[in-house]
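The tour moves from one selection to the next.

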Amino acid sequence: MNISKIDLNLLIYLDVLLREKNVTRAARQLNITQPAMSNGLKRLRTLFNDPILVRTSDGMVPTERARSLAPAIRKILLELEEALQGEEEFNEQNSQRVFRLMASDYAASTLLPGLLRRINQIAPNITIDIMTPSDVTFHDVEAGKIDMAINRFDELPQSFHQKTIWRDTFSCLLSADHPVVSKFNLNSYLASKHVWVSKTGFGVGVGMDPKDVQKLGWVDEALARLGKKRDIKVFTRNYHVAMQLAYEDDLIATLPSKAALLHKDDSSFTILKPPFDIPEIELKMIWSPLLHHDASHIWFRQLVIEAAAQS
């Protein structure tokens with residue numbers, strides 16, 4: 001195959017088609033007509049002597065050849081876009097840039113208030129658009145549609161840049177008049193009712209099974225190592241809901257300390273150290289290689305790091 005005779009736009013078409021698996025959506029993303037995208041797919045099939053996408057009962061499905069091409073094409077396009085990005089100065093005082101972040105409510109409530117105070121002081125015209133983990137996919141971050149994702153991540157694509165913002169311990173948040181406050185130990189902890197809270201990664205969550213300890217996370221895995229299990233009354237993906245339930249329903253919320261400390265000055269709550277050891281968690285920020293050398297993004301990443309250091 002003579003590369004000089006290949007229309008390199010076809011590689012862009014292929015990349016989008018394999019991600020969208022739909023000609024109409026791919027055309028819309030590239031801002032071209034549906035017939036133009038269909039023609040592009042026809043030319044790709046000729047170029048690779050392969051159907052590329054095959055219609056099935058589950059919709060358009062990539063062929064084995066197309067699946068094997070996808071990571072190489074994505075890598076080539078990412079490196080090309082990064083190489084072509086021009087250097088430009090960034091004036092934060094005059095910038096009206098919108099930074100789009102995916103953040104769990106744990107990250108949003110503990111990190112972003114301090115970050116916004118700093119932005120208001122030095123870059124008053126910048127806007128922050130905060131999305132939830134359910135709003136965003138890895139593809140959105142990789143394509144640079146989202147400037148940054150801030151959360152706890154179990155697994156990450158190797159192409160992403162990442163930095164640990166902080167490590168956090170766990171604390172127990174209880175109503176100040178909870179009956180176990182005066183005799184808080186492992187036995188009284190296990191005898192109480194609990195509210196479970198967590199949300200990591202991306203995408204829409206699934207229902208929880210109280211018997212599936214491995215999917216329950218740090219707290220329940222730590223208890224399982226002791227041969228113990230807590231009585232979970234409520235499952236939620238929202239930290240503020242968990243904290244409110246702890247106050248209203250005599251539940252114990254065991255959650256990252258920075259979240260619990262949001263109520264340190266509220267006499268309605270008591271914050272106690274868990275009566276067993278729980279490993280620390282890491283809050284990370286991740287971003288696309290497409291944005292790694294962007295001047296405004298470099299400035300913003302540094303601002304996040306500075307805000308985290310003071311949180």
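Predicted model: local features only at pLDDT ≥ 70, side-chain atom pairs only at ≥ 80, totals over all residues.

Residues are numbered from 1 along each chain as its sequence is written, and side-chain values use heavy atoms, with hydrogens and water left out.

Select residues 6–63 to begin, the range that UniProt, in an unreviewed entry, lists as "domain: HTH lysR-type"; such annotations may be inferred rather than shown by experiment. This stretch is 60% helix and 14% strand, with its end C-alpha atoms 21 Å apart (helices are DSSP runs of H or I of at least four residues, strands runs of E of at least two, numbered from the N terminus).

Next, select helix α1 (residues 9–20) and helix α2 (residues 23–30), which pack at an angle of about 130° with their axes 9 Å apart, the axes being lines fitted to C-alpha atoms over the stretch in contact and the angles running from 0 to 180 degrees between N-to-C directions. Show the side chains where Ile12, Tyr13, Val16, Leu17, Arg19 and Glu20 of α1 meet Val23, Arg25, Ala26, Gln29 and Leu30 of α2 (contact means heavy atoms within 4.5 Å).

Finally, select alanine 253, which lies in strand β10 (residues 252–256) and counts as buried because its relative accessibility is 0% (buried means under 20% relative accessible area, exposed over 50% and partly exposed in between, with a 1.4 Å probe and protein chains only). Leaving aside neighbours within four places in sequence, alanine 253 is in contact with Ser171, Cys172, Leu173, Val195, Ala242 and Ala246.
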